[in-house]
Amino acid sequence: MKLPEICIKHPVFATVLSLLILLVGVFSYNKLETNLYPSYNTKSATVSASISGASAKYLSDNVAVPLINAAKSLPDIKNLVSDCQQGSCKLTINFKDSVDYVSVINKLRSNIDAQMDNMPSTLIDKPTVSDDTGSSGSQPDYYIQINYDPQKYKPSQVKDYLNNNIRNELLRIDGVGALWIQGADDNNARVWLNPNKMSDLNVTPGDVTLALQTATTDVNAGKIYGKDRSYAIVPENTVDNINAIKNLTIKIDDNKNPIRINDVADVALAPSSNIPQIMRTNGKRTLLMQILHRDSANPIKVGHDIDKFVNVTLKKQLPDGISAQLIYNQGTYINKIINKSYETLIVAIILVAAIIYIFMGSLRISIIPIITIPVCIIGTFAFMELMGFSINILSLLAIILAIGLVVDDAIVVVENCFRYKERGLSAYESAIKGSNEIILPIVSMTLTLAIVFIPIAITEGISAALFKQFAFTLAFSVIISGFIALTLSPMMCSKLLTVNSQSNWYKKFNVQFENLTKQYVALLKKCIDKFKISFTGMIVIFILGVIVYHYMPKQLLPTEDLGVIYSSAITPPSGAGRNYNLKYSPQLENLIKKNKNIETNMLFLKDGNDPITQTFLKPWGTRKTNADKIVSELNNSANNLAAYDASFKVQNMSGLSYETGLKLEITTISRNLEHLRDASEKIVDELKKFPGLTNVKSSSTADQLEYKLAINHDKLSLSGVTYDEFSSAINTFLGSTKAGFMKDKNNNQYNIKVQIDKNNLDNIDVLNKIYVNAYGNPIPVSQFVSLTQNTESKHQFNFNGLDATQITADIDANYSPSQIKRYIEENIPRYLNKDETFEFNGAIKQLDESQQSTVIVFVLAIILIYLILSAQFENFIDPLIILFTVPLTLVSGIIALWIGGFTLNVYSNIGLLTLVGLITKHGILLVQFANSEQKKGKTAKEAAINSGTQRLRPIIMTSITMILGAIPLSLSSGPGSLGQINIGVVLVFGLFIGTFFSLFIVPTTYLALDKIKKIDVLIDIFKK
């Protein structure tokens, strides 16, 4: 007894099976997290090292090389990039997704330990290894603006208050992962040295730092063991305020008088940087708290809790003159996207239910396929919870599309059972006969659509991460639908099938459909009779599609609008400093302020770095212009800005580690850095000609003004000054030295930094004020050096162990990475010599990796479908007939994207892969019915025509339900809609044209290959 028959004879059993699926699904839904996207983190690590005052070239030659040697033997490395700047060097290691991350990081640390003997002696602190997994996609999700009265508070005081009183409360909110406070520097205990007083009292910088280090070092003093009790000895650190630092004794002079810190320095609680941070929001001085949620947390709930904390708790807690405002909550955008997806889901259900009713003509019969929708959708939540998936834009896309798919199998069952009911059999007999007859097609169609997604499991990268949650969610919903079609649907057919008198509208509908069927049969006969012409037409369409695919723009992901724009670069003239930015940065703010779509703009100045802006747009609904267009408007306005070269771009989605800009690595094996720099500048000029690139920069551009100090070692030796004494004086006076920490009565800790008074750092004459002790006499360090003014590049790059220049640029929203790649490959090689090569990184690199994995997925999917169908049909020809329409269907989807002005991206690839499974379902129905007709004695031609005639109604019906399920996606708008539109367009047009091809190509190809199918290949081989 077959499964459908068992369920028909035991209706309660069939009902319980479906109720169990519903019950487990409801329970699982309540445990699912909500996110914008499936979590995906690149696996990378950063090794950082610093030598105060060291040049970028020195660090590249002496620090980067040993670090690269430590890293290059590690397994599963994609690439190594070192970036050395003055005083610091950073090596970034990008790994494959398959790497054993914990093991490889431990090995990296061991390798660095082994390389320490090859490091320069001036490297005091051991290089640090940090886990950067996912950091490139970790933008803050929530922004709290802190307003304060500048008459009452300094920015550093406000930051101190936030750090000591508010920070930990925010971090205790469930789901908060990280927090940063911008707009002010941390307070330090600053010791401002007076070189003249130090010279008079014969005090060196080393004396000062030693006194501070000694006084602030914790000591473990042990215990006193008495007869009855033991006592721990706990030395108390008395350096708990500024006065305590001032009164520390440095040394005793010849007259036995103590020389204190206060005698040679000014001490104050002050910002850690000599050039304090400045944050302005809409032109007003503010601070900013940036918050990132944990990957496992629900960003909507976290945003709600933060909003409640700011508007309830914080409002009561903040002192007079300080206020807080949550100016950006990504949770509200995600909530809108998720709610919009649920609305689309409801619309899809209504449309699918309506088309089922129209084709069935009876509400009673329509209930049979409609009831599968809630069972399959809710049941899918159980699988999602089991797999660790979340409710996100991709999994909801799968569920929306599943609306049109899960009814397919039930429709086929109902149609087949109804045929027997019309012949006079009872509902019970019709259900048994019709459902048993359709088991093989149902199993084939279900497995085909599920198997098409299996190759995704063996791929890696961001496209695979996005593919998996969509594909497996959709596949499981289809598997449940196949199960329901063989259990609940046959049972319901046995109870609900009836042939009632037809209403007038349904009679008219059937008449029209019969006329359509006659026209279809007539056209099908012509296609069969003129097979060569039909086949030639198919080849022409396929070739056209290949050409369109080659030239079609391709990108990893379309840029979604979450309402955030930032400055990718704001570049002042070379050598411009803080005063320049203070004078001209208001021009930037005014440029942004003029755009009517802007709600909040923040400008950030830090140290001597270039300005940074971050802009929040007005919410969707209050603006009609999308973020890409606003960026174009800002970039056009920035062209008229004289003070800066400025470029803006849309901020990435949080939680996805992917690149959006161009990174081009130019490497040389000859170490001819002069030619490498010249070639890079020519390449920059060439790339600036291309309208799709903005903010084109080269890391080798000479944009750093510097003084080169040539030290006269002979003079040092003759003066009795050691190199360590000389370098200590330079480093401490000019570069600052951390000499310990101060912990106040409230247990708040502050670093102690020693440096020359900042007022003396305004020009190079400071070298005349810094003294070293030469045989008891103070001599200025300027006597031991010669100065050369120079302009040098800020960065020294190394890529995969080779000297390199990195060229970066922003990609305009109207152009795709594939177009940029084509332009570079055609125009850049002529600027390079035989020792130089270029390699793509950034957005183009990720696009190439995504395309490679996508090709693998498509090829394996088609192979698997072919093998499964071969096993089910017991021959190798029927699967070829079924798959013959796949290339033409894919071409139709690609052409639809091209006509609509879309790109090929992860979303459209998901749609195209889904099409492969959907279209093969039509072929399975047609071929299976044609085979059964031949078994009844019909000729191949009669079987092919009868197959098309009998299966026309269920095929058109299922196609329309799938198309109507996808139409709401293609008509989406608002935040997060671009992905939905891409998938919707592919499926709507792909299914429409693919169904047309299936109805004509499958019967035609069936007849053409019928003679080949009847040849037993194995017998023929053995006869030979």
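A disulfide is a pair of cysteine sulfur atoms within 2.5 Å. The close-up views below come from a predicted model.

**View 1. The disulfide between Cys84 and Cys89.** A search of the whole structure finds one disulfide. Cys84 and Cys89 form this bond, with their sulfur atoms 2.4 Å apart. Cys84 has a relative accessible area of 0% and is therefore buried. Cys89 also counts as buried, because its relative accessibility is 2%. The cut-off for buried is under 20% relative accessible area.

**View 2. Cys376, a cysteine in no disulfide.** The cysteine sulfur nearest to that of Cys376 belongs to Cys7 and is 14 Å away. Cys376 has 0% relative accessibility, so Cys376 counts as buried.

**View 3. Cys417 and the sulfur of Cys493.** For Cys417, the nearest cysteine sulfur is that of Cys493, at 4.3 Å. Cys417 is in no disulfide, because a disulfide needs the two sulfur atoms within 2.5 Å. With a relative accessibility of 0%, Cys417 counts as buried.

**View 4. Thr128 in strand E4.** Strand E4 covers residues 128-131, and Thr128 is found in this strand. The relative accessible area of Thr128 is 47%, so Thr128 is partly exposed; a residue counts as exposed over 50%.

**View 5. Contacts of Thr128 with Thr46, Val47 and Ser48.** Thr46 lies 82 residues from Thr128 along the chain, and the C-alpha atoms of the two are separated by 8.1 Å.

Methods:
Residues are numbered from 1 along each chain as its sequence is written. This is a predicted model: local features need pLDDT of at least 70, side-chain atom pairs count only at pLDDT 80 or more; totals for chains, interfaces and linings use all residues. Side-chain values use heavy atoms; hydrogens and water are left out. Helices (H or I, at least four residues) and strands (E, at least two) are DSSP runs, numbered from the N terminus. Buried means under 20% relative accessible area, exposed over 50%, partly exposed in between (1.4 Å probe, protein chains only). Contact means heavy atoms within 4.5 Å. Lists of a residue's contacts leave out its neighbours within four places in sequence.
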